Amino acid sequence: QVQLVESGGGLVQAGGSLRLSCAASGRTFSSSYRMGWFRQASGKSREFVGAISWSGGSPFYADSVKGRFTISRDNAKNTVDLQMNSLKPEDTAVYYCAARPASSSVWDYWGQGTQVTVSS
């Protein structure tokens with residue numbers, strides 16, 4: 001099993017920044033896992049934000065956040081961060097961390113989510 005715990009959400013004004021962190025643990029977690037961030041706004045379906053390969057490779061992002069959000073990882077701490085800059089009210093959502101084995105196309109593991117609210 002893999003456990004994911006997000007932190008760092010909160011309330012910020014438009015144009016501001018927030019940094020989310022996801023801590024991964026568990027007996028089956030390994031450096032081969034791909035890590036991702038998703039979000040779900042009220043009344044909408046969950047959408048992909050970005051992802052990064054744990055052991056290498058460039059992160060990739062949804063067009064809606066490209067150039068504003070940055071995903072980084074710390075393999076020693078088993079954490080993945082999402083730096084969010086130039087936030088917009090439409091970025092308001094619950095943000096989820098997810099993980100999957102590199103060989104899988106399914107995001108098997110999810111965190112509990114953290115709320116991000118951007119005021120105009």
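The structure is a predicted model, in which local features need pLDDT of at least 70 and side-chain atom pairs count only at pLDDT 80 or more, whereas totals for chains, interfaces and linings use all residues. Residues are numbered from 1 along each chain as its sequence is written, and side-chain values use heavy atoms, with hydrogens and water left out.

**Disulfide**

- The model holds one disulfide, a term for a pair of cysteine sulfur atoms within 2.5 Å.
- Cys22 and Cys97 form this bond, with an S to S distance of 2.0 Å.
- The pair links distant parts of the chain, 75 residues apart: Cys22 lies in strand S3 (residues 18-25) and Cys97 in strand S9 (residues 93-101). Strands are DSSP runs (E, at least two residues), numbered from the N terminus.
- The disulfide is left-handed because the torsion about the S-S bond of Cys22 and Cys97 is about -75 degrees.
- Both cysteines, Cys22 and Cys97, are buried, that is, under 20% relative accessible area (1.4 Å probe, protein chains only).

**Glu6**

- Glu6 belongs to strand S1 (residues 3-7).
- Although buried, Glu6 has no salt bridge, and Arg46, the nearest side chain of opposite charge, is 7.8 Å away. A salt bridge requires a side-chain nitrogen of Lys or Arg within 4 Å of a carboxyl oxygen of Asp or Glu.
- The Glu6 side chain reaches the backbone nitrogen of Cys97 at 2.7 Å and the backbone nitrogen of Gln112 at 3.0 Å.
- Beyond its neighbours within four places in sequence, Glu6 is in contact (heavy atoms within 4.5 Å) with residues including Cys22, Trp37, Tyr96 and Cys97.

**Strand S3 and its partners**

- The covered face of S3 consists of Leu18, Leu20, Cys22 and Ala24, while Arg19, Ser21, Ala23 and Ser25 make up the uncovered one.
- S1 and S3 run antiparallel and are joined by five bridges; Gln3 stands opposite Ser25 in S3.
- S3 is also joined to strand S8 (residues 79-84) by six bridges, again in an antiparallel arrangement, with Arg19 opposite Gln83 in S8.
- Strands are taken to pair if DSSP finds at least two bridges between them.

**Tyr96**

- Tyr96 is found in strand S9 and is buried, with a relative accessible area of 14%.
- The C-alpha atoms of Tyr96 and Gly36 are separated by 8.3 Å, although these residues are 60 residues apart along the chain.
- Not counting residues up to four places away in sequence, Tyr96 touches Glu6, Gly36 and Arg46, among others.

Methods. Helices (H or I, at least four residues) and strands (E, at least two) are DSSP runs, numbered from the N terminus. Buried means under 20% relative accessible area, exposed over 50%, partly exposed in between (1.4 Å probe, protein chains only). Lys and Arg count as positive and Asp and Glu as negative; His and the chain ends are not counted. A polar contact is a pair of N or O atoms within 3.5 Å; within protein, one must be able to donate a hydrogen and the other to accept it, and residues adjacent in sequence count only if both atoms are side-chain atoms.
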